[in-house]
Amino acid sequence: MKYPENSRRRALMAAMITAFPLSAQADLIISEYVEGSSNNKALEFYNTGSDAVELSAYEIARFKDGAETPNAYMTLPSFSLAAGAVYVHANSGANDGLKALANSTSTDDAIGFNGGDSVVLRLVGGAIVDRVGTLKEGASAYLKDVTLSRTDTTANPDFNQDQWQTLARDTFSGLGKAPGADGGDGGDGDPAPTLGACGEAATLISAVQGSADEVAMKDQTVTVEGIITGFRNNGFFVQEEPSDEDGNPQTSEGIFAFSNGGGSLTLGNLVRIKGAVSDYHGNSQISVSELADCGATDAVATVTPITLPFAADLNLEALEGMVVSVSNAVVANTYGLGRYGEITISDKLKWTPTDAAIPGSAEYDAVIAENKANLLYIEDNTSSQNTASVSFYPEFGYDNPILLGDLVSATGPLNFSYDVYRINPMAPISVTSPGRTAAPEAALGNLAVASFNVLNYFNGVKKDDGSIDYSANPRGAKTEDEFLLQQARIVKALKTLDADVVGLMELENDGFSDDSAINTLVTALNNEIGEDAYTYVSTKDGSKPGTDQITVGLIYRAANVTPKGDAIVVDMPEQTLGAETAAMRPSLVQAFTHKKTGQSFAVSINHFKSKRSSSACDNSAPTDIDQMQGNCNPLRVSAAVTLGEALATLGLPERILILGDLNAYSKEDPISVLTDYNPATHGYTIKTAANTGMDAGAAVEVSKNYGYALVAETHDAEGFSYTYDGAQGSLDHILASRAAMEDIVDLDHWNVNSIEAYALQADGLFKYYKDSTGYFGVGPYRSSDHDPVVVTMDLKSTDKGKDDGGGSLGLLSILALLTMRFARRRPM
């Protein structure tokens, strides 16, 4: 029962005490205290007297962190406990092994104590009988991750630690046994094993592990002897000497020894340990209570090679705790490298299912299955987060990266945690890398057009004294150091792209003044180049396009192209549900004339609604197919329809390029609608979103496509621009009209960001170690989380018929599209 208790019940329980002789009631004590991993919490109660005791006359009270006032109470279950008997009550969130030893369980806060709490046993509403822990406000977690077993059974309302034996975390073997019945930590009435001397008989690790998924000798206390094969901050690995292996490939010869560190132990030495056996979140371990270092040995632990892809008969569970090796494994994910000190390896890179196949198709299902197969992790030997370096690759940094697709070889003990198998190398891994790509590799033409999401480029808020407050940025850099590093890398990337027209996404939507984000970025780019090479467009009145915090932008080389007419803003649909609205950035459309050839073309810069959760989208009954494509998929379909219709009526040149972060992978619905969707053969019907103002608010079936070509399918089919959840794909696209497609030479996804570890981003490890040159490198690499995509074209001056095409836009069309006139502006 949680505090505050029902006063009537407490009064009844207090009255009930009078029905029992006080001397009998005072014979109950706390005989064991378990403060283990996660919710492994339990108390054992022992009747030291000669008469039965009614437990419900007692309650336990928890004094959180040693506070002088209890924060939770719990009346013990109604049970008549015989003289000399014990009763165990556990937290109902404990593991199965602990709950199996309990007489009762509950979720009460009183049984959710931590290592800094004091727990008392007292008569309901009456005097304290016994206690574990001290009443000291702010007490440290001195009883955390331990089991206390009673050695002196004298009740004590004032905690005396000398009355208790301290055992390792998750030691349960004494529960259910009267104090002293078998030494307190033995099993089934047999004498508890002793540590013994080095070289004496010991339990084989293979017998401890067994051949099943769960450790065979769980909750028993054992003594084993083996070779130290690796260390972690909370223990070490031991493996049987080769001469003592049992020869059964289904039983592991190694195990993890939990001991709060390896102390002065030496890798390769022989060690003898005694402790309780448990499964810690699926990983077998021995919680060390006694240890002897047996010194150096000539024996060397067997190393078991693991091939990738895995052999058909491979059982990783049978190798848990043993030393394994991998050779030339592919780095498939580096997201956790800086945060958790880990990388994922496999036999190949993994692909986003909807980038490779139509959602819901058999091919889609096959990609999902492939993505789950043949995965291992390599992890640091500490549990620290955001560490200055990782143990298996200490030279990691901006100039010494680990890239997606690199090949690694590693050797170390195998463990299981967070549902995956992990190698803990004791020596730095070997990395073979093809290296970074210094510049885009698209074949040259006479015109280059690029798309680049610059990841929340916000240039701070100018204060009255002229200083810049970066902490006021709602997104992006929070300090000047972060901003300058982010900007320098973006500038390097843009300079190296050397494109004639660049569509930008995720610029701060703060207008076009001298202090605006787009002016700041283009000024920095021109300063880096050494001339006023790039210009940008702005509204005539300086107003912001759209209402979002971020916007799209357009920069161009005035020496090579000239804007043709004013730029146009095409508003995108919004989805509403009650008071909630899901919106997206407007599209920016601009026609250009290529100076060298006189030919014209147009670009449309876009940033469709993200896949992040939005209640206005999510509550509009998404289908299974929609959910395969992330949140708000129908709204992105509506955007594709809106864009396709607008571009057909704006009187643009025949050559049209759709650029941008469409937040849709290559086989998802918005791309299909803009390219080659055929309702008869697609496998399902694509529909727009409801509640957008289109089609009287109804969701309608899409009956046609808009005939654009996904340029990457022809020129860079294996390319990708983005990595998420360990899988690659393209959210950033360039689509071409038929006339534009005829002039395209090549396309390249320039992988300067997606294959790089997030740790190297300006807001990654740099913010923790900004004085370290290891994370301060300035280049195009990890300038954003999206890769730039560039297309090259070869326009011919003799080419006819691909000019203005439709003439000027009619007044009704202008009003319908809610356009906004733009004027070109050079940066200040």
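Reply: Let's start with Lys611, which is partly exposed, at a relative accessible area of 21%. Keep in mind that this is a predicted model. The side chain of Lys611 meets that of Glu668 in a salt bridge, 2.7 Å from N to O. That pair links distant parts of the chain, 57 residues apart: Lys611 sits in the loop between β36 (600-607) and α10 (615-618), and Glu668 in the loop between β37 (656-661) and α13 (669-674). Glu668 has a relative accessibility of 1%, so it counts as buried. The cut-off for buried is under 20%, and Lys611, at 21%, is partly exposed.

How many salt bridges are there in total? The count comes to 25. Here are some others to click through.

Asp515 pairs with Lys462, and the closest N and O atoms are 3.7 Å apart. Asp515 lies in the loop between β28 and α9, while Lys462 belongs to strand β26 (residues 461-462), so this bridge ties together parts that are 53 residues apart in sequence. Asp515 is partly exposed, with a relative accessible area of 43%, and Lys462 is partly exposed too, at 47%.

Lys348 and Glu370 make another pair, with 3.8 Å between the closest N and O atoms. Here the link runs from the loop between β20 (342-346) and α6 (353-356), where Lys348 is, to helix α7 (residues 362-372), which holds Glu370; the two are 22 residues apart. Lys348 counts as partly exposed at 38% relative accessibility, and Glu370 is partly exposed at 29%.

Then there's a network of salt bridges, which links Arg232, Glu342, Glu379 and Arg422. Two of those names come up again in the second largest pocket, which has about 680 Å³ of space. Of its 23 lining residues, the closest to the centre are Arg232, Glu379, Ser383, Ser417 and Tyr418. β17 (283-295) and β22 (407-417) are the elements that give two or more residues to that lining, and β22 gives the most, with three. By type, the lining divides into 11 polar, six charged and six nonpolar residues.

What does Ile468 touch, leaving aside its neighbours within four places in sequence? The answer is Asn459, Gly460, Val461 and Lys462. Ile468 is found in strand β27 (residues 468-469), and at 36% relative accessibility it counts as partly exposed. From Ile468 to Thr479 is 9.6 Å, C-alpha to C-alpha, with the two 11 residues apart in sequence.

That brings us to helix α8 (residues 480-497). Its 18 residues reach 25 Å from first C-alpha to last, close to the 26 Å expected at 1.5 Å a residue. Which residues of α8 are buried? They are Glu482, Phe483, Leu485, Gln486, Gln487, Arg489, Ile490, Val491, Ala493, Leu494 and Leu497. What covers them includes β28 (501-508) and α9 (517-529), the two elements on either side of the Asp515 loop. The cover also includes β25 (447-457), β29 (534-539) and β43 (789-793).

Notes: Residues are numbered from 1 along each chain as its sequence is written. This is a predicted model: local features need pLDDT of at least 70, side-chain atom pairs count only at pLDDT 80 or more; totals for chains, interfaces and linings use all residues. Side-chain values use heavy atoms; hydrogens and water are left out. Helices (H or I, at least four residues) and strands (E, at least two) are DSSP runs, numbered from the N terminus. The expected span of a helix is 1.5 Å times one less than its number of residues. Buried means under 20% relative accessible area, exposed over 50%, partly exposed in between (1.4 Å probe, protein chains only). Contact means heavy atoms within 4.5 Å. A salt bridge is a side-chain nitrogen of Lys or Arg within 4 Å of a carboxyl oxygen of Asp or Glu. On a 1 Å grid over the protein atoms alone, a cavity is a set of points where a 1.4 Å probe fits but cannot get out, and a pocket is an open set with protein on both sides within 12 Å along at least five of seven lines; lining residues have an atom within 4 Å of a point. Grid points are joined across faces, edges and corners, and a volume is the space filled by probe spheres set on the points. Ala, Val, Leu, Ile, Met, Phe, Trp, Tyr, Cys and Pro count as nonpolar, Asp, Glu, Lys and Arg as charged, and the others, Gly among them, as polar.
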